Amino acid sequence: PTEPFDAEADCVVLERIQDPGNIGTILRSAAAAGVGQVVLSADCADAWSPKVLRASMGAHFALRLFVEPDLAAWREQCRVPLLATALRRNSVSLYDCDLRAPAAWLFGNEGSGLSAELAGSADETVLIPMQPGTESLNVAMAATVCLFEQFRQRLQAA
């Protein structure tokens, strides 16, 4: 991108996402929910591959994409709260979070989630309430739910 990363604006951070369809769906949802920048770890699938481009349905034109080889270094420059989705004892329900201010959403690998290092750097751990006995959501669906709850709260506040 020609513009530098805006450390005080919303973003989505993807760590080790392998499925191009998931990346494309997340890009499409980010653009639709008004999040303008996406950071991808260097070990994500290629954001410009044909499969990602197809799944994103043109979202690349509404986003600034940053491939970051060192997410720990990126974390040092980010000035907004980091929100990670995970099932932990201290997790807060997505619907109890105030999401009106800028934030960085962290989403991890389809099988193993976020690395311990990145998850540990989160300011808050968020869970998506679901029916008991159901498995976790696909990473692209989890990202979509979170981004659109943020969008909904901002629309209500406007």
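Reply: Helix α1 (residues 20-32) lies across β1, β2 and β3 and runs at about 170 degrees to β1. Helices (H or I, at least four residues) and strands (E, at least two) are DSSP runs, numbered from the N terminus. Axes are lines fitted to C-alpha atoms, for helices over the stretch in contact (heavy atoms within 4.5 Å), and angles run from 0 to 180 degrees between N-to-C directions. The model is predicted: local features need pLDDT of at least 70, side-chain atom pairs count only at pLDDT 80 or more, and totals for chains, interfaces and linings use all residues. Residues are numbered from 1 along each chain as its sequence is written, and side-chain values use heavy atoms, with hydrogens and water left out.

The sheet itself is open and parallel, with 7 strands in the order β3-β2-β1-β6-β4-β7-β5. Its edges are β3 (64-68) and β5 (92-93); each has a single partner strand, so one side of each has no neighbour in the sheet. Strands pair if DSSP finds at least two bridges between them. β1 and β2 (residues 37-41) are joined in the parallel sense by 3 bridges, and V12 has V38 in β2 as its bridge partner.

Another helix on the sheet is α5, which lies across β1, β4 (82-85) and β6 (104-107) at about 165 degrees to β6.

Buried residues of α5 include V139, A143, L147 and Q153; buried means under 20% relative accessible area, exposed over 50%, and partly exposed in between (1.4 Å probe, protein chains only). Among the elements covering these buried residues are β1, α1, β4 and β6. F148 is partly exposed at 32% relative accessibility, and F151 is also partly exposed, at 29%. Both lie in α5 (residues 139-157), 3 residues apart, about one turn of the helix.
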